[in-house]
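Please look over the model shown here before reading the points.

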Amino acid sequence: MTDTLKVACLPGFDLHMHSTASDGALSPSELVTLAAAEGVEYMALTDHDTLAGLAEAREAADHAGVTLIPGVELTCLWNRRVLHVLGLGIDPEYPGWQVYERRLVALRQARAEKIAGKLIARGAPEDILQQARQQAGDGQIGRPHFARALLTRGVVSSENEAFDRYLGQGKAGDVRAEWPDITEAIAIIRQSGGFSVLAHPTKYNMTFSRLRLLLADLAQAGIDGLEVGCPNVSQDQIGLLLRIADTLNLKISSGSDFHNPSVPWTRVGRFPAVESSRHLIHHFIRH
């Protein structure tokens, strides 16, 4: 995919990035600094299920001359399938977020305990949960923190091996939580003044026929758009996604899904360029 990977058209932007407030490797301020260095002028911090990094990112963005678009990536369910929905341009001060975030923290903690139990049954150290919590620090605990914990304890030789053997789809540590229904995620994003966007639609292992049905259902539920320009999406897939967006009158978005500077396929501000009047970046530039 390196032939289609290019810097987004000016002004530089990235509407999907993660910090240590969830499972990213850089603090919110470090992420802003990196984004500015990479020529990103408009950035959305979209940590998993938390707004905790937004205040720090806002302060850093003001100093760096970067426009911060407050965001979040919510984990939710559609017909028992786990999906991720980006909230872009949300109001972090909306009172409903406090209750919603507390609910997600509880779900993640319960899920982490289940993951730990399954990993211990597979021979992981008895203190793997404590190790994962140390890796998470103040951030929302997730499978990447267990991967780092397994690496630290010498159970695996890399985080990729941790996912391949223990944490990836269908493995022992692939534990599903009772996440909120996607209609709840869409509703709170809208109530807080933001746009709801289905993240990385090609990552859900669906045929395009199934994906069309999903997006048609989500459009009926009030979703605003879908992410089209994202890592590892092909030009053919971009064309198909754009046609779906046109058919359903949905907006589109683009972002790197950046987590870690050591991962070469998710670099800040780099993703397949998508030219469209439906692109949300036009809204954020105007406002």
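The notes below go through the strands and then the charged surface.

1. Basis. This is a predicted model, in which local features need pLDDT of at least 70 and side-chain atom pairs count only at pLDDT 80 or more, while totals for chains, interfaces and linings use all residues. Residues are numbered from 1 along each chain as its sequence is written, and side-chain values use heavy atoms, with hydrogens and water left out.

2. Strand β4. Strand β4 covers residues 67-78, and eleven of its twelve residues are buried (under 20% relative accessible area, 1.4 Å probe, protein chains only; exposed is over 50%, partly exposed in between). Strands here are DSSP runs of E with at least two residues, and helices are runs of H or I with at least four, numbered from the N terminus.

3. Partners of β4. Strand β3 (residues 40-45) pairs with β4 in the parallel sense over four bridges; pairing requires at least two DSSP bridges between two strands. Tyr-42 is opposite Thr-67 of β4. On β5 (residues 81-88) the pairing is antiparallel, over eight bridges, and Leu-74 has Val-85 as its bridge partner. Two residues lie between the strands of the β4 and β5 hairpin, where Asn-79 has a positive phi near 50°.

4. Glu-59 belongs to helix α2 and counts as exposed because its relative accessibility is 52%. Asp-164, in helix α6 (residues 159-167), is also classed as exposed because its value is 53%. Between Asp-164 and Val-72 there are 27 Å in space, C-alpha to C-alpha, and 92 residues in sequence.
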